[in-house]
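Please look over the structure below before reading the numbered points.

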Amino acid sequence: MNYHELVPSSPSNAWCLTHQAFESHLALYGERLVSPRDFLERCDDPAASGSDAVVLTFDDGFLSDYTHVYSRCMAAGGIPGFMSFIPVEFVGAPGRMNWEMIRELNGAGVAIGSHGMAHVDLTAASDSELDRELIVSKSMLQDRLGAPVSLFAFPYGRFSRRVWDAALRAGYTHLFTIQLGHHRGFESFLYSRLCLTNAMDEGYMRRHLHDPDAARGAAWKMTSKLGLYRHAMRLRYR
């Protein structure tokens with residue numbers, strides 16, 4: 001699952017959810033929630049693809065990662081952990097976490113990943129810009145945390161073969177996008193997430209948890225049935 005900012009009330013955009021909405025989601029997930037460590041240890045196991053486990057991820061380094069998800073939910077034992085993807089140039093900006101908070105999350109078992117430097121569309125970046133977004137952000141996070149960073153989430157969920165090849169060369173091992181929330185992408189290193197919006201009501205969430213592929217279109221169903229899905233996606237994202 002992919003979240004962004006959480007607020008007490010009056011969300012400012014579609015990707016901003018209230019605390020109450022988030023709590024209702026946690027109630028639905030229940031015992032399905034797993035820690036990032038458990039997810040990363042199991043995600044290469046083919047048998048795990050049929051699991052109904054849920055891992056929580058948060059993009060953009062919002063302050064609510066620390067003040068609500070970590071301090072109120074994780075510290076109280078309500079969730080086993082989460083992933084937080086940081087756009088490095090946003091650290092310390094109004095409404096965003098500072099380095100002290102991010103280091104505390106990392107020390108407490110939150111999986112910290114890169115979200116680039118300035119949250120730009122990597123598919124439109126020049127080669128030098130792409131290297132900066134991938135390599136410099138990784139280096140800065142590692143220097144600040146004193147720990148390796150191997151997770152990357154594509155800003156806006158946008159990627160191409162050029163982008164993922166550059167990310168793999170930079171040393172990332174798990175690359176996250178936003179599609180319909182089926183955890184394994186068409187390449188073993190790609191992981192899809194359901195990007196939560198405040199228009200997704202409880203009924204939608206229940207349906208998605210029951211069958212993450214139910215909302216996929218006829219093209220996905222046909223190419224998957226014929227064993228052509230990976231080939232079709234490699235053509236699309238060439």
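1. Not counting residues up to four places away in sequence, Y29 touches M1, Y3, V54, L56, M205 and L209. Contact here means heavy atoms within 4.5 Å. The model is predicted, so local features need pLDDT of at least 70 and side-chain atom pairs count only at pLDDT 80 or more, while totals for chains, interfaces and linings use all residues. Residues are numbered from 1 along each chain as its sequence is written, and side-chain values use heavy atoms, with hydrogens and water left out.

2. Y29 belongs, with L56 and F82, to the residues with the most contacts inside the largest nonpolar core, which has 57 residues. A nonpolar core is a set of buried Ala, Val, Leu, Ile, Met, Phe, Trp, Tyr and Cys residues joined through side-chain atoms within 4.5 Å. Buried means under 20% relative accessible area, exposed over 50%, and partly exposed in between (1.4 Å probe, protein chains only).

3. At least two residues of this core come from each of α1 (19-29), α3, α4 (99-107), α5, α6 (161-169) and α7 (202-210). The largest share, 5 residues, is supplied by α3. Helices (H or I, at least four residues) and strands (E, at least two) are DSSP runs, numbered from the N terminus. Another core, of 11 residues, lies apart from this one; V34, F39, V55 and F85 are among its members.

4. N2 lies in strand β1 (residues 2-3) and counts as buried at 0% relative accessibility. Its side chain makes a polar contact with the side chain of D59 (3.4 Å). A polar contact is a pair of N or O atoms within 3.5 Å; within protein, one must be able to donate a hydrogen and the other to accept it, and residues adjacent in sequence count only if both atoms are side-chain atoms. Leaving aside neighbours within four places in sequence, the contacts of N2 include T57, F58, I178 and R193.

5. H174 is in strand β8 (residues 174-176) and is also buried, with 12% relative accessibility. The side chains of H174 and T173 make a polar contact (2.7 Å). Beyond four places in sequence, H174 touches residues including L40, C43, F152 and Y191.

6. Which value does phi of D60 take? It is near 90°, positive in a residue other than glycine. D60 sits in the loop between β4 (57-59) and α3 (64-74), and D60 is buried, with a relative accessible area of 10%.

7. H119 is not a glycine but has a positive phi of about 55°. H119 is in the loop between β6 (111-114) and α5 (127-145), and its relative accessible area of 15% makes it buried.
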